[in-house]
Amino acid sequence: MSKDEIQILKNSIGEFISINSFFSTSLNYEQARAFLYSSKDKIIDDIEQVFFEINADSRLDKLKAFSKIHSLSYFSEEEVLFMLEFIFRLESFECDNEGIWNSRMVLCFEHEHRLETLFQHMKNEFDSGETNILVFSRLLRKMILLIIYQHKRNYNLALESYENALTIWKEVFGEDHPHVAICLNNISNVYRNEKKYSKALECVEKALATFQKHFPTDHSDLISPYGSIGNIHLCLNHHNQALQYYNLSLKIYEKCHPSQHPDIAITLSNISSIYEDKNEYQQALVYLERASDIYQHLLPSTHANVIQLEQSSKRVSVELK
């Protein structure tokens with residue numbers, strides 16, 4: 001998956017995902033995992049490896065979302081086929097010490113409380129007759145346009161869609177729910193891309209305040225708003241404020257993630273950039289070297305991130321002479 005897709009999934013833990021095609025899976029964990037290792041040499045820039053684990057209880061599957069197809073399969077891998085347009089809830093999404101992203105998803109059914117609440121809202125909002133899990137999946141597919149709008153820099157449409165989503169989340173969950181905060185954080189990112197930094201900062205600070213009401217100070221869900229606030233201050237050349245929030249996110253990363261996690265390297269690199277801008281080259285080099293150690297552990301020497309950090313280290317080293 002691309003790094004942009006990785007970031008979207010990282011921001012979607014606890015949310016619903018719809019897959020708009022048939023897809024094959026396996027009951028054999030080791031054999032499924034082997035496909036990752038067989039393709040490790042083929043990884044290219046901006047592409048990461050992802051391993052999905054799905055919890056799907058056949059006893060609850062009245063809609064026949066999936067079927068075992070051992071007898072029909074060409075492969076001897078205990079194959080299971082999932083139907084298109086069913087809904088999954090993303091339970092976790094983390095990177096392991098091998099640099100592989102591990103995603104855990106649960107197949108959702110109509111009787112789940114959160115889906116029933118959303119179905120009722122859809123019925124009231126759109127005055128439609130039937131609202132069920134398949135109808136909702138089509139709505140989720142439309143929400144994929146949010147990703148496309150941002151990728152194509154069509155920020156007005158992206159912002160309009162996020163605002164509509166924000167209205168729904170507020171009506172379903174209330175003003176101070178983490179889902180509302182996630183949406184505000186996404187809106188902030190759109191404003192930042194538009195260089196509307198005051199609006200971006202206003203949205204993300206509201207998101208952070210909501211997160212802080214629900215989570216302890218070292219909770220991983222605080223990383224995203226801390227990083228967003230740091231990014232905005234960096235764009236405004238507020239170096240000290242950016243450094244403050246990057247350090248807050250780094251502290252949580254180092255507590256909640258493996259020491260070789262790629263996001264730690266990204267944060268270390270961001271911090272080094274601030275020190276370089278402040279002409280504090282020795283400090284910049286310290287953080288660059290820490291980031292470089294992580295990337296060299298995870299990535300081949302020809303990877304763009306490794307090369308970029310090497311170039312940055314050389315540039316900063318020259319300034320120290």
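How many residues does helix α6 have, and what distance does α6 reach from its first C-alpha to its last? Helix α6 (residues 178-193) has 16 residues and reaches 23 Å between these two atoms, close to the 22 Å expected at 1.5 Å a residue; the expected span is 1.5 Å times one less than the number of residues. Helices are DSSP runs of H or I with at least four residues, numbered from the N terminus.

The model is predicted: local features need pLDDT of at least 70, side-chain atom pairs count only at pLDDT 80 or more, and totals for chains, interfaces and linings use all residues. Residues are numbered from 1 along each chain as its sequence is written, and side-chain values use heavy atoms, with hydrogens and water left out.

Helix α6 is mostly covered, with 14 of its 16 residues buried (under 20% relative accessible area, 1.4 Å probe, protein chains only). K195 follows α6 and has a positive phi, near 65°. Y162 lies in helix α5 (residues 155-173) and is buried, at a relative accessible area of 10%. The C-alpha atoms of Y162 and C183 are 6.8 Å apart in space, while the two residues are 21 apart in sequence.

Helix α10 (residues 262-277) packs against helix α11 (residues 281-298) at an angle of about 160°, and their axes are 8 Å apart. Axes are lines fitted to C-alpha atoms over the stretch in contact, and angles run from 0 to 180 degrees between N-to-C directions. The pair is therefore roughly antiparallel (over 145 degrees). The crossing of α10 with α11 is left-handed, the near helix being turned anticlockwise from the far one by less than a right angle. Contact (heavy atoms within 4.5 Å) involves, among others, P262, I264, L268 and Y275 of α10 and Y281, Y287, L288 and L298 of α11. By class, this contact has 15 nonpolar, 3 polar and 2 charged residues; Ala, Val, Leu, Ile, Met, Phe, Trp, Tyr, Cys and Pro count as nonpolar, Asp, Glu, Lys and Arg as charged, and the others, Gly among them, as polar.

Helix α9 (residues 239-256) also packs with α10: their axes come within 10 Å and cross at roughly 155°. This makes α9 and α10 roughly antiparallel to each other, and their crossing is left-handed. Residues in the contact include H239, L243, Y246 and Y253 of α9 and D263, I264, L268 and Y275 of α10. The contact of α9 with α10 has 10 nonpolar, 5 polar and 3 charged residues.

How values were computed:
Buried < 20%, exposed > 50% of the residue type's maximum accessible area, 1.4 Å probe, protein only. Parallel < 35°, antiparallel > 145°, perpendicular 65-115°, else oblique.
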